[in-house]
Amino acid sequence: MIRLKNVERSYKNGAGQTWVLRRIELIIQEGEFVTIMGPSGAGKSSLLNVLALLDDQWAGEYWFKDDPVHEMKRKDRSEIAKRNMGMVFQSYHLLDDLTVQENIDLPLAYKDIPRSERQAMVAEALDHFQIVAKKDLYPSQLSGGQQQLVGVARAVIHKPALLLADEPTGNLHSSQAREIMELFSALNREGTTIVQVTHSEVNASYGTRTIQMRDGWIIGDTANPALAESGEAIRS
Ligand SMILES: Nc1ncnc2c1ncn2[C@@H]1O[C@H](COP(=O)(O)OP(=O)(O)O)[C@@H](O)[C@H]1O
Ligand SMILES: [Mg+2]
């Protein structure tokens with residue numbers, strides 16, 4: 001589903017450049033449930049933003065379902081993202097001037113789904129995440145945990161082929177976190193490919209593969225045990 005070849009990302013700063021992604025080589029097959037772990041600042045969110053096609057400022061090659069994303073224009077990239085991807089953001093990224101139910105409906109608006117069907121899907125999602133009573137509130141009227149639930153609901157409502165989740169349970173109680181992870185497992189069993197970022201070993205245990213990042217490098221991958229040694233050789 002995904003193939004990254006030599007993907008790099010840097011930011012300009014006063015003196016020069018700071019590298020946040022270094023020579024990323026990554027293949028993710030359809031149906032995988034991948035966990036990315038690593039210390040703060042390792043580049044996990046940066047990598048997820050590249051995968052989600054939200055970032056245009058990287059170098060290298062990105063193939064999505066055999067299509068060369070690196071050769072595409074912004075408009076075509078966002079079309080691919082809307083049709084195939086759901087993203088849970090670390091800091092929620094809900095739209096402040098839309099209500100809870102309008103936020104959740106957003107991904108459906110990009111697909112040609114009849115209005116009545118959309119309303120039923122949103123109602124079901126509100127019910128599933130136990131936020132029916134919040135449906136007409138705005139994000140600023142919700143707690144962090146409630147906003148996170150709305151963010152998860154919005155990311156999964158259109159049953160995306162690829163679900164990207166950046167610390168999706170960071171603000172939830174452990175029982176809510178477990179429900180989210182069980183939901184992800186169920187989606188994965190139904191065919192959704194998942195890439196999650198987490199600090200939680202419990203959350204990681206729901207996945208089928210763990211990638212370790214540090215200082216912008218992938219330094220470990222349970223699907224590629226040889227990587228750790230070859231990585232040392234490249235970096236030294
Ligand atoms: N907009 C930005 N401008 C400059 N540096 C940034 C920007 N966004 C992220 N970084 C830097 O990139 C590095 C990786 O960040 P990030 O991908 O958010 O790491 P993680 O999610 O693993 O904590 C950090 O050192 C961070 O300071
Ligand atoms: Mg992050």
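This is a predicted model: local features need pLDDT of at least 70, side-chain atom pairs count only at pLDDT 80 or more; totals for chains, interfaces and linings use all residues.
To start with the ligand, eleven positions can be read off around it: ligand 1 is surrounded by Tyr11, Thr18, Val20, Gly38, Ser40, Gly41, Ala42, Gly43, Lys44, Ser45 and Ser46. Two elements, strand 2 (17–28) and helix 1 (44–51), each put at least two residues into this shell. Helix 1 gives the largest share, with three residues. Sorted by class, the shell around ligand 1 holds seven polar residues, three nonpolar ones and one charged one.

Helix 3 (residues 100–109) is next. Buried in this helix are Val100, Gln101, Asn103, Ile104, Asp105 and Pro107. What do the buried residues of helix 3 pack against? Their partners are strand 6 (85–88), helix 4 and helix 5. A pair of packed helices is described by the distance between the axes and the angle between them.

With helix 5 (residues 144–156), the axis of helix 3 comes within 7 Å, and the two cross at roughly 30°. Angles under 35 degrees count as roughly parallel, and helix 3 and helix 5 are therefore roughly parallel to each other. Their crossing is right-handed. On the helix 3 side, the contact is made by Val100, Asn103, Ile104, Leu106 and Pro107, and on the helix 5 side by Val150, Ala153 and Arg154. Six of the residues in this contact of helix 3 with helix 5 are nonpolar, with one polar and one charged residue making up the rest.

With helix 4 (115–128), the picture is set by another pair of values: helix 3 and helix 4 pack at an angle of about 125°, and their axes are 10 Å apart. Helix 3 and helix 4 are therefore oblique to each other. The crossing of this pair is right-handed. Here Gln101, Ile104, Asp105 and Leu108 of helix 3 meet Arg118, Met121, Val122, Ala125 and Leu126 of helix 4.

Gln130 sits in the loop between helix 4 and helix 5. Although Gln130 is not a glycine, its phi is positive, at about 55°. Is Gln130 buried or exposed? Gln130 has 12 other C-beta atoms within 10 Å, and a residue with 12 or fewer counts as exposed, so Gln130 is exposed.

Asp215 is another non-glycine residue with a positive phi, in this case near 50°. Asp215 is placed in the loop between strand 9 (209–214) and strand 10 (217–221). With 14 other C-beta atoms within 10 Å, Asp215 is partly exposed.

Finally, Leu183 belongs to helix 6 (residues 174–189). Leu183 has 16 C-beta neighbours inside 10 Å and so counts as partly exposed. Leu183 and Val156 are 27 residues apart along the chain, and their C-alpha atoms are separated by 9.5 Å.

Definitions and conventions:
Residues are numbered from 1 along each chain as its sequence is written. Chains are lettered from A and ligands numbered from 1 in the order in which they are written. Axes are lines fitted to C-alpha atoms, for helices over the stretch in contact, and angles run from 0 to 180 degrees between N-to-C directions. Helices (H or I, at least four residues) and strands (E, at least two) are DSSP runs, numbered from the N terminus. Angles under 35 degrees count as roughly parallel, over 145 as roughly antiparallel, 65 to 115 as roughly perpendicular and the rest as oblique. A crossing is left-handed if the near helix is turned anticlockwise from the far one by less than a right angle, and right-handed if clockwise. Two residues are in contact if their C-beta atoms, placed from the backbone, lie within 7 Å. Ala, Val, Leu, Ile, Met, Phe, Trp, Tyr, Cys and Pro count as nonpolar, Asp, Glu, Lys and Arg as charged, and the others, Gly among them, as polar. A residue is near a molecule or strand if its C-beta atom, placed from the backbone, lies within 6 Å of it. A residue is buried if 20 or more other C-beta atoms lie within 10 Å of its own, exposed if 12 or fewer, and partly exposed in between; C-beta atoms are placed from the backbone.
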